[in-house]
Amino acid sequence: MKRVFFAVMAGVLMMTPSFAQYYDNDPIGTVYEYEMSNSLIGSFSVIQTLESVEGNTLRFKVLSDVPGVQDKVEMTNSIVMDGQSIIQTNETAIENIKSSLGAIGKDGDAALEGNTGVIPLNGQVGDTFELSDYTATLNAMGMDVVVSEKASKNEIVREEEVTTPAGTFQCFVVERVSKTQVQAAGVDQTIDTTQHYWVVPGKGVVKMVQTAAGQTFTTELVKITRP
């Protein structure tokens with residue numbers, strides 16, 4: 001069961017946290033500290049260090065205090081920020097999934113067909129954006145895991161000021177609604193997910209709230225340290 005848990009978490013949860021990123025043309029070596037919290041597992045840190053910027057592709061080294069894992073989990077996170085949106089391309093999504101598996105000591109392979117959607121960096125209330133519609137296949141730990149997500153909403157729903165430990169930001173709020181099907185070890189489960197992103201126009205995400213399978217996970221930007 002533990003193997004299934006890690007594989008499913010890699011396939012489902014490692015897609016969306018990659019979107020939770022703030023970037024203000026910061027120099028290489030800038031550290032962004034986020035905190036993720038949940039009523040059952042408590043809170044833990046996710047520290048992303050900017051390693052490279054190649055065109056619109058940003059690559060981060062990520063250190064996380066994952067519940068149930070003794071040592072910090074180290075992985076990579078690559079995203080595309082083109083000034084108008086945050087994009088998880090098929091290539092970066094596969095790279096991130098493999099990295100998350102490797103971080104828990106489980107080598108594996110992954111493939112992805114379709115698209116993972118976008119998080120807008122600019123827009124107005126009522127604007128709608130590309131919907132995620134993809135199938136990811138993981139082969140790891142001696143089993144196959146298939147994760148399919150199809151979104152039904154990706155829209156700016158309001159504007160508001162939000163305060164996190166990193167400061168107070170004027171944001172617009174993006175609501176994403178999707179249905180995810182997970183097949184692993186003979187289990188076929190459908191998960192309804194709602195995500196809200198607080199986006200600073202042109203700069204990125206400072207807060208994310210994700211509700212899935214009756215559980216709510218909150219991610220907030222805690223601190224930015226520039227070299």
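Glu 54 has Thr 57 in β3 as its bridge partner. The model is predicted: local features require pLDDT of at least 70 and side-chain atom pairs pLDDT 80 or more, while totals for chains, interfaces and linings use all residues. Residues are numbered from 1 along each chain as its sequence is written, and side-chain values use heavy atoms, with hydrogens and water left out.

Strand β2 (residues 42-54) and strand β3 (residues 57-64) run antiparallel and are joined by 8 bridges. Strands are DSSP runs of E with at least two residues, helices are runs of H or I with at least four, and both are numbered from the N terminus. Two strands count as paired if DSSP finds at least two bridges between them. The β2 and β3 strands form a hairpin with 2 residues between them. Gly 55, in the turn, has a positive phi of about 65°.

Strand β2 also pairs with strand β1 (residues 31-38), again in the antiparallel sense, over 8 bridges. Here Val 31 stands opposite Thr 49 in β2. This hairpin has 3 residues between β1 and β2.

The chain as a whole has 2 helices and 13 strands. The accessible surface comes to about 10,400 Å², and carbon and sulfur atoms hold 49% of it. Areas come from the Shrake-Rupley method with a 1.4 Å probe; for residues, only the protein chains shown count as cover. Among contacts with a separation of 6 or more, 52% link residues 24 or more positions apart. A contact means heavy atoms within 4.5 Å.

Gly 204 lies in strand β12 (residues 204-212). Gly 204 is buried, with a relative accessible area of 0%. Beyond residues up to four places away in sequence, Gly 204 touches Gln 21, Tyr 22, Met 81, Ile 86, Leu 121, Trp 198 and Val 199. Met 81 is 123 residues from Gly 204 along the chain, yet their C-alpha atoms are separated by 8.7 Å.

Met 81 also belongs to the lining of the second largest pocket. That lining has 13 residues, with Tyr 23, Asn 25, Met 81, Gly 83 and Gly 202 nearest the pocket centre. A pocket is an open set of points on a 1 Å grid over the protein atoms alone, where a 1.4 Å probe fits, with protein on both sides within 12 Å along at least five of seven lines; lining residues have an atom within 4 Å of a point. The lining divides into 5 nonpolar, 5 polar and 3 charged residues.

Methods. Nonpolar A, V, L, I, M, F, W, Y, C, P; charged D, E, K, R; others polar. Buried < 20%, exposed > 50% of the residue type's maximum accessible area, 1.4 Å probe, protein only.
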